[in-house]
Every structure is written in C-alpha cells, then in structure tokens.
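The sequence and the structure come first.

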Amino acid sequence: MKIYGKTIAPLALLLLLLFQAAAQKTDLSNYKILCAEKNNPQVLKAVAVLQEEIGKRSQLQLPVIKSWPKKSAENLIVVGIENNLKFLPAEYAAELAQLPATRAEGFKLLALEKAKIIVIAGHDSRGVLYGAGKFLRMLEMEPGRIKGIPALKTSSSPQYPIRGHQLGYRPKTNAYDAWTVAQYDSYIRDLALFGANSIEIMPPRTDDDFSSVHMKLPAIEMMVHQSRICREYGLDVWMWYPNLGSDYTSPDSIRKELAEREQIFSLLPKLDALFVPGGDPGDLEPDVLFDWLAREAVVLKKYHPKAKIWISPQVFKPTESWFRRFFEQINRKPEWLGGVVYGPWIRMPLPEVKKELSPDIPIRLYPDITHSLSCQYPVPDWDIAYAMTLGRECINPRPEDQKYIHNLYARLAQGSISYSEGTNDDVNKFIWSAQDWDSSTPVMETLREYARYFMGPSYAEPVAQGLMALERNLRGPLLTNDQVQRTLQQWQAIEKEASGQVLGNPRFQSGLIRAYYDAYIQRRLIYETHLERLARNILENASTTGSLQAIAQARNTLLQAHEKPVATELRTRCYALADSLFRSFGAQLTIQKHHAMPGRGNFVDNIDIPLNDALWLLDQLARIEKMDDENSRLAAVEKMLHRTDPGPGGFYDNLGAPSAWKRIRTTKSWAEDPGSLESPRVSFGVGLTGVDWVHEVVAKGFEGLTTPLAWMNQVNTLYDTPLVAEYDNLDPGSEYLLRIAYTGRFRSSIKLVADGVLIHNYIRMGTQPMYEFELPQAITRDGKVTFTWTSGSEDQGGGERGSQVAEIWIIRK
C-alpha cells in the first residue's frame, strides 16, 4: 500500500494506523455526565468528584443529567453501579457484559467511539469511585480542553482488600499538622482516586505534643473531620492508638484509659478498625496487653459495633518469651481480633510471623515509606553525604524500591496502610496504592498518571522520568554519580517551559527541590573533598614550614568552603522552593522559618553541613596549636594525619563505607532482605552519652565532642543477627593488636569473638568510642581471622537493637 507516494509494508501500516488511532483522542468538552442514582450517597459523591475534578483542570463544567435522553443519546459519560445500569440500550449492555466480571470495589470502563458513549460501571459504590478515578487519570485535561481515549474497554478489580495510608494530625509530622480541613479533604480524595480505600488517623494523645504552632484546629476536632471526610468518600477509617498509660494493671489507671477511649470513640462518625502497636510506643507484656485490649474492645463495640482491633508485635526490647506469649495469646483468636499488623521494629521476618500465626489470622502491612535511614527499609548503599544532608525524612521518591519491596512481601498479607510522617513520601504513597490494586502495574504507568493528573498531560512523560531520575541520584557514591547533573538538567528544562500554575504546584516543586538540592550537595562534596586534600598536603609539610604556619594555612584552606562557597545559585533556589512548599503543602523543611520538628523533614537545615572531615580537623588543629613546643605540635599533627594508618603490615577498614564490605560476610542480598533483619546494613549516627538513640547524623557524639567522619557511619546488624567480618593474608608469624571504633545510633551491648575465642564480653556502647585488644597468636597462625559480633540481651545490658562497628585496625606489632 502507498501513502504519500511511499510503499508501506503491512506490519508497518498496522503500527502506523495504531499510532494514528492513539493520537486521535476523543474531544469530551461537550459531554454530559449521566447518573440515574437518586439515593446512594457514595455514588452521588463519585459523580460530584468526577465533575469537580474535570472542572478544576479544564475550566469546563460538564452538566449532570439524571436519565437517559429521549433524543440524541450521545456525548454521554454514564456513571453508576453495573447492576443498576438496566436502562442502557441492549448493544451497550452487551458490550459491558462481555468484559471480564469484576469483584468487590472493581469497575469497568467502556468507550463506544461511534456512539460517543463512555460507561463507568462500578461493581459496587466504591467501584464507581475507583472507576471515576481511573478515568480521570487517563484523561488529558487542560484549560478549555478534555481529551479521552476513543476506544476503551477495561475491567479491573483490586488485588488486595486493604489499601491505605496513615495521615496523623500531630506535631511530629513534617506537614500534616499544618493542614486545614479542606486540605485533608483534597488529599484524601487524591488518594482515593488512585485506589486507596483506607485512611489511618490518630487520637489527640500520642507519643507527641498535644499541639503545634501550625495547627488550625485542636487535634480532637480534626480527628472528627478526618473520619467524616472518609465516610463521605466511602472509605474505611482506621485509628492508630498506642497504649501510653502509666499502668494497665491498676484499676484506677484502667478506668482513666477507658474513659479516654469512650470520649474518642463516641466522637468519631466512622471507625472500622483500631490498630494498637505492641510497642513503639507503649511496651506491655503480652498477657497484660491482651487483657487490656479485651476491655478496650467493649468500649469500641459500644460505638462502632463492627470495628475490630488489629495488633502488631512491635516491641523495643524483644525477648523470646515476649514473642512466645504474644503468639499464644493471639492464636486464641479473641472475638475482637481483626488481625496482625506487620511494620517497623519487629524483630521477626514476615514469613516467620506468618508461620507462627494461625492460618486464618490476616496480616496487614505497615510499611515505612517515609524514612530513608535508620528505618525499616533504608536506602541501600547510601552515601554518607546524603545521609548527613537529606537525612532521615527528606522528600524521597523511590518508585522502583517501593514496588520491589511491596511485591516481595505483599503475597503474605491482605494489603497495606503505610506509615507516613508527611508529604515527603507523596510519590511513594501512590506507588503503594497502585501496587496494592495490581502488583503487575509498572511504576512508569503510575508515575505518568501521577504527573498527568496533578500537573497536566504535557508533563506526564518528563515529570515521570524526572521522578525516576531522582531515585537514581541516590545510587552509589555521590562523588562520582554523573546522574545527578543530568537529573538537574532534566528538571530545569521542565521548569523553564512550565506554566505558572505548574511552577506553583507543590508536587512539581517537591521533585524540583530535590534535583537542585542533590546537585548542590554533589558540587559541595567535590569542592570540599578537594579542600581537605589541599589542607592535608599543607600539614604533611609542617616539619618544613613550621607547625604554626602549616596549621594557619590548613585552617584557612578548610574555611574556604564557608568563605568562598560554590554553586550558591542552587542553594538560593532550594530556599525559595522550601518557602513555597511551606505555603502550599505545609511542608516544614527548616526549623527556624517553617517550625519543623528536629530530625523530622527539616533537611534544608542540613544544606551547608560540612561534607568532609573539616569539623574534626579544625578542632584538632585548635588543640594542637595550644601546645607549648614545636616538637609536640609536629608529633600531634603527624598522629592526626595518620589516624587511620594501621602501620606496616597492618589492616584498616571503615566498615560503614561500601569499599570495606568485601570484609563483611552476608548470607542474603538486599533483594532478598531489604529490611536487613537477617543481613548487615549501613547505619548512620554517633551516639551521645546517656542517650539511647539519635535521629540526626551530625559530627558530634559521646560527650558532645566533634568526631571524625568515619564514626558517623557503621556496619550494623539488627537484634540477634551476628555481624561477621573476615580477614586473610595476615602474617602467621606475627602478633597483632586489634583496635575498634564502636559508634552508632543505638546504645547496644555487644560481644566480640574471633575464631571461637572471646576477645571481649559485652560492652555497652555510647560511653567511649575506642577500644584495643590483644589478638592471641593462635587465632592468626593460619593467616586468617573471622570476627563475630553479637548483641546482648536485656540481662547483659540491653543490646537488643543489634551490633554496630565503625572502624577496625589490625596492627602488626
């Protein structure tokens, strides 16, 4: 066949026609919405949502009609429950019936191009809302224009029955406490239109302050609004309700706790499930816990008769006896039990929990999608420069990681309600909802729908690819990651062409600020790494120039990072975007200006944290400079420069650095164990004396002293998983001294054994960093040594969080 004078093969012709068909979108600007439903409030709400969301984006108001037109039945979007669409003409009903049958909450979408009829048919009331959501995500909507797919035939039902997210109105979050009732309504609607059917709220009393400077309403009032909003959309309401009472065995204390529950439960218009964590916070022994839950259930049933209680085996000090009693109690299947929640800080891997439970007890996942380090699923192999700056709770789109983690564990559960602390994990929420609906959904499909729906059709591809690029920014050593600059260029190109409306869109800005921030951190890292090398070169010549002159020159060199900063235009853009995100999204990215909680989303505060060893070096130089004589100063400079030097024939490793992981024995990869319950992980932070754990990665530890950069990351195993490091090529005839730096986020108690020989018994971390031990020559006689660290139990000092090792020297005597 010839087109424009050129011969085209049949296959090529077919592809061309398909492409042309795809390009010819149906104009829906003059369509009407037909809904014959008169009494179903959820269906009527779905129709209102469809009309309103189209109107917001196209500035066109599609009229709603109540019955099939007597004349000219075309240009219609028919919305309703499939079994109630009996008024459809036979040919349309037949087309609809030919599509695969749906299950609960499912929907069918049918577009009859010639007849100009679109049908959104829900299996039930919720299915109508989810069908409307999918339809909206497929539309191309811009001011004055609505384009739809000309030939659409699809049937879809959710894979998992629980699909939701936690939206806690409390000060500890990085945005939610700043929201109005209208913002909650809008955000819950967004989540529902992407398939969520559950929202988890919180009571006024949690492990947090009662109020914040951001709160527009008291928490007890906002809680009621959240419940009402969910009821209007037909969503399930869950409540995370920890046990924070002082004593759950005292009658007086129990009466007080029950009175609080009575007040909370009576105020909520809708409550379908109560999630009570076993710990984190609220540690109770299982027998006391289950006795209390039985009492709590009586009050719950009084106001919400169908509600159930779900419980997690989270506990700060996990002992074998605690877990044994927990499973004994839960497998009795009390009448009030809904199921088990599996979330952060549960010592047992999910398959083991599943194995311990009676087969008919369901599991709900509670994935931490909000944190990047010191969490359930940390970013793998994260560069310490990112850990110090982006921190634990940055804006963190991780689409590929989130899909992988979901699909690894989803088959063992009934779905998920994510653990979220704010808008920083916005993209991750939509990935989890999409995967809970259909775990075969490619992440790019979700990201394109996300960008198309929230920003516009022309942004679907560039923003989706930009979000994927932000995840690639986090892979591998930052110093050599050339992806970071490309990512910035991609986002800047979008920014340059974006409309004013999109430039002010908080979801667009959330991606944009990360592109600028990552690039700024990388440029600083390159610059400051160079400055440190120059300073060290100067100090290496101190014996020639004199120590005081070398110290002064080295100090001035290191201070150039602050006095002559690089890429300041990127920094300025980050601050401007942070201000805008606070105004539009309630995002609290700094403490002073946006009143963020420390360590809770304020990553912009970390934008100028030194990325080299300058803080430690400057402190050391100040100390050395005060010494009285030249020889002492030169000796101290030499010692400082050779801090990591193991001497001739020795070994040194910074075990928190990827280059040292060749020493670490692991039986499972990240792909097999992304939560690292059975394998090592890199952790970050330096413990402070008297503090059980720290949330921020800063170069201060122990008694508040400045620490070397190497102390700020460690190799870490959780709970009772051994940490094993292997060394070979030692001299069989030599004796060795072992030096270890024990630093870490938690105050663990750890024991070290080398080839079966006890090197030291349990040492409580957080009191001093450095230790030295003689290695018996019998251990190294074969030229090899295997070190095994284990964490202590409660009676050995409370090392329940696991083993942490920062540095190791094997020094040949």
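At 24% relative accessibility, tyrosine 762 counts as partly exposed, a class that lies between buried (under 20% relative accessible area) and exposed (over 50%), with a 1.4 Å probe and protein chains only. Tyrosine 762 belongs to strand β28, which covers residues 757–764; helices (H or I, at least four residues) and strands (E, at least two) are DSSP runs numbered from the N terminus. Between tyrosine 762 and tryptophan 789 the C-alpha to C-alpha distance is 9.7 Å, and the two are 27 residues apart in sequence.

The coordinates are those of a predicted model, in which local features need pLDDT of at least 70 and side-chain atom pairs count only at pLDDT 80 or more, while totals for chains, interfaces and linings use all residues. Residues are numbered from 1 along each chain as its sequence is written, and side-chain values use heavy atoms, with hydrogens and water left out.

**Confidence**

The mean pLDDT of the protein is 92, and 94% of its residues reach 70 or more, where pLDDT is the predictor's confidence in each residue, from 0 to 100. Over residues 1–23, however, pLDDT stays under 50, and for this stretch the model has 11 contacts beyond four places in sequence, a contact being heavy atoms within 4.5 Å. Where pLDDT is low, the predicted coordinates should not be read in detail.

**Helix packing**

| Helix pair | Angle | Axis distance |
|---|---|---|
| α7 (residues 251–267) and α8 (residues 286–303) | about 30° | 9 Å apart |
| α15 (residues 460–473) and α18 (residues 506–540) | about 40° | 10 Å apart |
| α18 and α23 (residues 630–641) | roughly 140° | within 10 Å |

On the α7 side the contact is made by Ile254, Glu257, Leu258, Arg261, Glu262, Phe265 and Ser266, and on the α8 side by Trp292, Arg295, Glu296, Val299, Leu300, Lys302 and Tyr303. By class, these residues are seven nonpolar, one polar and six charged, where Ala, Val, Leu, Ile, Met, Phe, Trp, Tyr, Cys and Pro count as nonpolar, Asp, Glu, Lys and Arg as charged, and the others, Gly among them, as polar.

For α15 and α18, the angle of about 40° makes α15 oblique to α18, and α15 passes α18 in a left-handed crossing. Val463, Leu470 and Asn473 of α15 meet Phe508, Gly511, Arg514, Ala515 and Asp518 of α18, a contact that divides into four nonpolar, two polar and two charged residues.

Helix α18 also packs with α23, their axes crossing at roughly 140°, so that α18 is oblique to α23; this crossing, too, is left-handed. Arg536, Leu539 and Glu540 of α18 make the contact with Val637, Met640 and Leu641 of α23, and the classes here are four nonpolar, no polar and two charged.

**Single residues**

Glutamate 540, which lies in helix α18, is partly exposed at 47% relative accessibility. Its contacts, leaving aside neighbours within four places in sequence, are with Arg533 and Leu641.

Threonine 717, in strand β24 (residues 713–718), is buried, with a relative accessible area of 0%.

Aspartate 381 has a positive phi near 55° and is not a glycine; it lies in the loop between β18 (363–365) and α11 (384–389), and at 53% relative accessibility it counts as exposed. Histidine 595 has a positive phi of about 60° although it is not a glycine; this residue is placed in the loop between α21 (568–585) and α22 (614–625), and with a relative accessible area of 43% histidine 595 is partly exposed.

Conventions: Axes fitted to C-alpha atoms, helices over the stretch in contact; angles between N-to-C directions. Parallel < 35°, antiparallel > 145°, perpendicular 65-115°, else oblique. Left-handed = near helix turned anticlockwise from the far one by under 90°.
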